[in-house]
Each structure stands twice: as C-alpha cells, then as structure tokens.
Amino acid sequence: MSASSFRLLVKNATQVVLVCRNGEKYLTRNGMQTLAVVENGSVVIGHDGLIKAVGSADTIESQFKGAKFDNVLDASGMCVLPGLVDAHTHPVWAGDRVHEFAMKLAGATYMEVHEAGGGIHFTVTHTRSATEQHLLDGLKSRLERMMRAGTTLVECKSGYGLELDTELKMLRVINSARKSLPIGISATYCGAHAVPKGKTMEEATQDIVAVHLPKIKKLTASGDLQVDNIDVFCEKGVFDLNSTRCILQAGKDMGLNINFHGDELHPMNSAHLGAELGALAISHLEEVTDDGIAAMATAKTSAVLLPTTAYILRLSPPRARDMLDAGVIVALGSDFNPNAYCCSMPMVMHLACVMMKMSMPEALAASTINAAYALNRSHAHGSLEIGKQGDLVIINAPRWEHLVYQFGGHQELIRYVIIKGEIVYENDKVLNL
Ligand SMILES: N=CN[C@@H](CCC(=O)O)C(=O)O
Ligand SMILES: [Zn+2]
C-alpha cells in the first residue's frame, strides 16, 4: 500500500453505518431491522471516487500505513452514513404556490385545488412560460439545498409541461444540472403527470406514445438527453389504468425503467399493473389493496413511500407496516414539489417513523439501499461497500440515529457531505449535543 495515493481518508468515526455488507441490492423484512454498523471505523476513497476500504479504524490504519491521501478528516465523536437517496422529486418548476397551502389549511382537498385550475395546472402555466435559465437556476438551488440535507442521489421528474416543447425543456434543464452539479441525478420523463387543458385523456395518451416518446428516444440515442425512467400519474380524473398501461409499456419498450405514481387518492389497481409490467417502483400507494401489496412483493417492485404528501394533505399515510411485513422493498422519497415543499430526507425519515410506524433502521435502509434500488442504482449507491461510489454524510453525533431523531435539525447536525470522495458541503456551525 505504501506507494499508493487516495483521495480521502475519513478516520476514527464513532460509528460507520455500512447499511449492508454483502452486496445486497435491496433489504426487506428483518434485513432492514439490523443494519451493518462498524464501531470506531474509517473509510478510504480513491481518486476514481470509489470506496477502497471501509472497516475498523485500527485495521485500516495498518493496511494503509505509508499511503498518501489528498484529504484526511478526523471523524472522532462523529458518525458516517451513506449519502441519502431521494427516490421521488418534482424539482423543476416556476411559479409560487404558497397561497394553495393556505387553501388546503382552510379545508380544500388536493383534487379540489387541481380541478379549480390550481395545483399542477398552475405550475404548468408558469413553467411553460419560464426561460430555460430561470428553470435551471431554480433547480440548482433546490438540488443544493437537498445536498446540504445529505442527499447525494436524487430522482428528478419532468411533468409540468405536458406538451412536447416544455417537457423537453425540463429534461434539458435536468441534464444541465447533472453536468454542472456533483449530486447524482436519475431523470424521469413524466409527461403524463396531468391531462393538459384542451385534450382528452385518450388524446394526451396518443400524443405521448406517438410524439413525445419517439422524440425522447431520438434525443437519448444521439446523446443529447439522458432519461432513465418513465412515470404516469395513475389516478381517478387523471390517467386511468388502460392509458397508464399503454404509456408505461411504450416507455419500457424503449428501455426506460417504470417508476410511476399509483394508488394515491383512490385504489386504482396500480400495484397489480406495476407488478405485471415489471415496474421497478410505484410511488405513493396510500390506497393500495392487500392483493396489490402481495403482487408487489412477488414482482420485487419497490414501494416509494412519501410521508410528506400524507402529512401536508392530511391523508391516511400509506400502510408501510403491512408492506414491510409482506416483504415489499420499501423506499422513501421527499416528493419535493410545489405541493409538498420539503428538501430534507432526514425530515422524511422522521415522518416515516412517526406517521408510518417505521423503525429508524428501516427508515435509513429505505432512504439508502432501497431508494437506490428503486432507481436501478443499488449496484453503485446506497451502502458503504468496497467498489461503490464514495458518497458520505458525516454527522456530529455519537450515534447515527440522531439524523432521524432531531427533526428539522439537520442544519446543525450535518458536518460534511461528500460525493465521490470530494467534500461538497462543509458546515462548521454544527452544535454539540
Ligand atoms: N400526485 C401527483 N404529483 C405530485 C404533486 C405535484 C403537484 O401538486 O405539483 C405528487 O407526487 O405529490
Ligand atoms: Zn410525485
């Protein structure tokens, strides 16, 4: 080792949370209850940004004696966790919807706001008229905010255009952010987020399948765009099961991962459909049936649960415990969007524990390895194992659970966020407990 040099050594952390240690692509049931943790540990990240060693501080010290490191962080008294993965966000938009929060507090439901021309339609109007630069500036500041809250890989949807030009504008903006920010991005085409005004659901479906998707296929083949997933809002009054099937199948046929909104406000049989189509993920699932849960467990279709939605809309939260007990791969996402303005996965984990009765290890597994699985990235993200990307969150606390426990407190707790072994956020304002 003596001749070698490395990008980063993080040493002597009170705890290093690996999450898992045997190359698992996801965790379920008991596997989520006891996470792999090294007490008094260190991590080494190479110049390629990948983890070269992780384990006991003593072993790493002797193994790397004489090695050179560009950077050494002494994490005594601190905990190291994998970078958090946010499996569901809508971060590209213009227009302010703070007034709708007041309407909802006064009793309006999500669909009442939507049908009155607010909600997604309001954001569509503003996003269509916004410049690409304005959208990019907004996206970058939101992603930076997520990064400061510990997120190192995030799913980003289009879906506030609903017509080709604006959907492509949003996807280009996501692509630019991917090139200019260190945070990892999984891009989702969500042109079926609502039925655009002036079109029927059938016409919108036809437009997506015959016009949008072929254009996206062409732009991805030429390297002008990178799109990873396809999404549809499968909901009463939005896209029904048949239209959803038609759009998702067309996306799958061009190589996109299926990752869609289902069974949120009404039971739609979305879970069955997702299982049948081999979907990687279905989000929301507040209204999923027992059969739907069983179908998802068998198909290894992950459930991306979004506690912020139930919280802000005062819905019954998704039945996380039933899904976990049935062996569903449960992941978490912030659902950041103008309805649920939350950039913080630590807050999401806290809500998941209190509102959905998840344990803290379950919430962390759901925000790391399982969220990475939902994005088809768990080979490279979601745990601290040799060969995976060196993405870390270092908190100023002697036990990792403080990241979940101190709700609304991540600003004072997170000391460093590291992506590919580079410090992307450093906070010297952390407080002692
Ligand atoms: N449910 C559909 N889409 C978003 C909300 C989007 C919006 O209201 O702008 C969600 O996941 O919560
Ligand atoms: Zn959503």
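This is a predicted model: local features need pLDDT of at least 70, side-chain atom pairs count only at pLDDT 80 or more; totals for chains, interfaces and linings use all residues.
1. Local features need pLDDT of at least 70 and side-chain atom pairs count only at pLDDT 80 or more, while totals for chains, interfaces and linings use all residues. Residues are numbered from 1 along each chain as its sequence is written.

2. Helices (H or I, at least four residues) and strands (E, at least two) are DSSP runs, numbered from the N terminus.

3. Beyond its neighbours within four places in sequence, Val80 is in contact (C-beta atoms, placed from the backbone, within 7 Å) with residues including Val10, Ala13, Leu392 and Ile394.

4. In helix H4 (residues 120–129), Ile120, Phe122, Thr123, Val124 and Thr127 are buried, that is, 20 or more other C-beta atoms lie within 10 Å of their own, C-beta atoms being placed from the backbone. These buried residues pack against helices H3 (110–115), H5 (132–148) and H6 (164–180).

5. Ligand 1 has 13 residues around it (C-beta atom, placed from the backbone, within 6 Å); Gly119, Ile120, Asp335, Asn337 and Asn339 come nearest.

6. Strands S15 (residues 414–419) and S16 (residues 422–426) pair (at least two DSSP bridges) in the antiparallel sense over four bridges. Two residues lie between the strands of this hairpin, where Lys420 takes a positive phi near 50°.

Notes:
Chains are lettered from A and ligands numbered from 1 in the order in which they are written. Two residues are in contact if their C-beta atoms, placed from the backbone, lie within 7 Å. A residue is buried if 20 or more other C-beta atoms lie within 10 Å of its own, exposed if 12 or fewer, and partly exposed in between; C-beta atoms are placed from the backbone.
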